[in-house]
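Q: I would like to go through this model with you. Could we begin with what is covered and then turn to the rings?

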Amino acid sequence: MKRISYSQLSTFVDCPMRWKLRYVDKISKSESNIYLIFGTAMHETIQFYLNIMYNASIKKADELDLHKMLYKNLVKEFESAKEQDKKDPCTLDQLKEFFSDGIEILNWISKHRSDYFKQRGYKLIGCEIPVDVKLRNNLQWIGYLDLVILDEKNDIIKIYDIKTSTMGWNKWQKRDKNKTQQLLLYKQFYSQQYDHPVDKIEVEYFIVKRKLFEKSDFPQKRVQKFVPASGKPSMNKVANRLNDFIDTAFTTEGEYNVSNINVNPSKKTCKFCEFNQTEYCEAGVK
């Protein structure tokens with residue numbers, strides 16, 4: 001059984017050759033960095049805080065030493081990345097800067113918690129909820145939902161995806177379907193796996209910002225909420241993208257089909273590609 005994730009789909013949409021090198025040829029040249037370390041550490045810290053808030057009490061959640069927790073998570077991820085890559089994934093100054101930014105984010109969330117997460121009438125279904133759905137012969141979709149909360153009064157499931165960002169998402173990032181359509185697939189698959197009506201599932205990107213604009217004339221928040229369009233037209237579009245990926249990259253028996261895999265060079269797709277201008281891909285854009 002081959003497993004497909006949203007990372008595979010988004011990689012394929014950007015460049016089929018990059019997908020082939022990563023997932024078919026199993027060639028990995030990527031290394032960890034401070035952004036990945038910080039993202040994982042913040043996810044774990046926020047999820048733990050909300051888990052205590054919903055399953056114990058707001059008081060106990062507010063008594064947590066979130067700064068210490070973030071520090072431990074950062075160190076854990078740093079050491080794990082160092083062991084994997086056999087070198088330091090970032091500098092000490094970077095670690096200090098991101099830790100300081102994280103403190104500001106956590107202070108904001110704990111102070112303004114009720115603006116984003118309410119307790120009365122809401123139930124935490126869980127963090128890192130698995131979505132494991134059979135697609136076609138020998139193909140399985142696998143993903144994990146950062147945060148799932150049930151509005152008990154209205155029987156509405158709310159799926160959150162936590163994103164870390166430098167200064168939030170701008171209008172171009174919000175228009176990037178490869179970035180925003182992930183939750184639309186998760187909405188569809190959650191409904192299928194857990195037998196909850198799809199029209200009673202809502203999705204939201206919970207974006208935490210490390211930096212704020214200097215000398216802004218308007219009050220700024222450390223959290224940005226973004227709700228992508230998730231009606232039937234949008235759901236159909238992302239479903240068609242997934243089907244196109246499967247039709248191109250796999251046979252009807254679920255085996256890899258690389259006969260039509262081509263490189264898709266562009267400034268956008270090649271900028272952060274680990275294979276660009278290497279022996280694996282000389283067609284990329286510098």
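This is a predicted model: local features need pLDDT of at least 70, side-chain atom pairs count only at pLDDT 80 or more; totals for chains, interfaces and linings use all residues.

Q: Understood. Which residues are buried in α2?

A: They are Pro 16, Met 17, Arg 18, Trp 19, Lys 20, Leu 21 and Tyr 23. Helix α2 spans residues 16-24, and seven of its nine residues are buried, leaving the helix mostly covered.

Q: And what covers the buried residues of α2?

A: The cover includes α1 (6-14), α11 (232-249) and α12 (267-270).

Q: What follows α2?

A: Lys 26 follows, and its phi is positive, near 60°.

Q: Now the rings. How many aromatic pairs are there?

A: The count comes to 20 aromatic pairs. One of them joins Tyr 190 and Tyr 194; this pair is tilted, at 4.6 Å centre to centre with 35° between the planes.

Q: Where do Tyr 190 and Tyr 194 lie?

A: Both belong to helix α10 (residues 182-194), four residues apart, which is about one turn of the helix. An α-helix has 3.6 residues a turn, so residues three or four places apart point the same way.

Q: Is Tyr 190 buried or exposed?

A: Tyr 190 is buried, with a relative accessible area of 5%, whereas Tyr 194 is partly exposed at 34%.

Q: Which residues form an aromatic cluster with Trp 19?

A: Phe 12, Phe 245, Phe 250 and Tyr 256 form one cluster with Trp 19.

Q: Which charged end sits over the ring of Phe 98?

A: That of Arg 210, at 3.8 Å from the ring centre.

Technical notes: Residues are numbered from 1 along each chain as its sequence is written. Side-chain values use heavy atoms; hydrogens and water are left out. Buried means under 20% relative accessible area, exposed over 50%, partly exposed in between (1.4 Å probe, protein chains only). Helices (H or I, at least four residues) and strands (E, at least two) are DSSP runs, numbered from the N terminus. Contact means heavy atoms within 4.5 Å. Rings of Phe, Tyr and Trp (its six-membered ring) pair if their centres lie within 6.5 Å; planes under 30 degrees apart count as stacked, over 60 as edge-to-face and the rest as tilted. A charge sits over a ring if NZ of Lys or CZ of Arg is within 6 Å of the ring centre and within 35 degrees of the ring normal.
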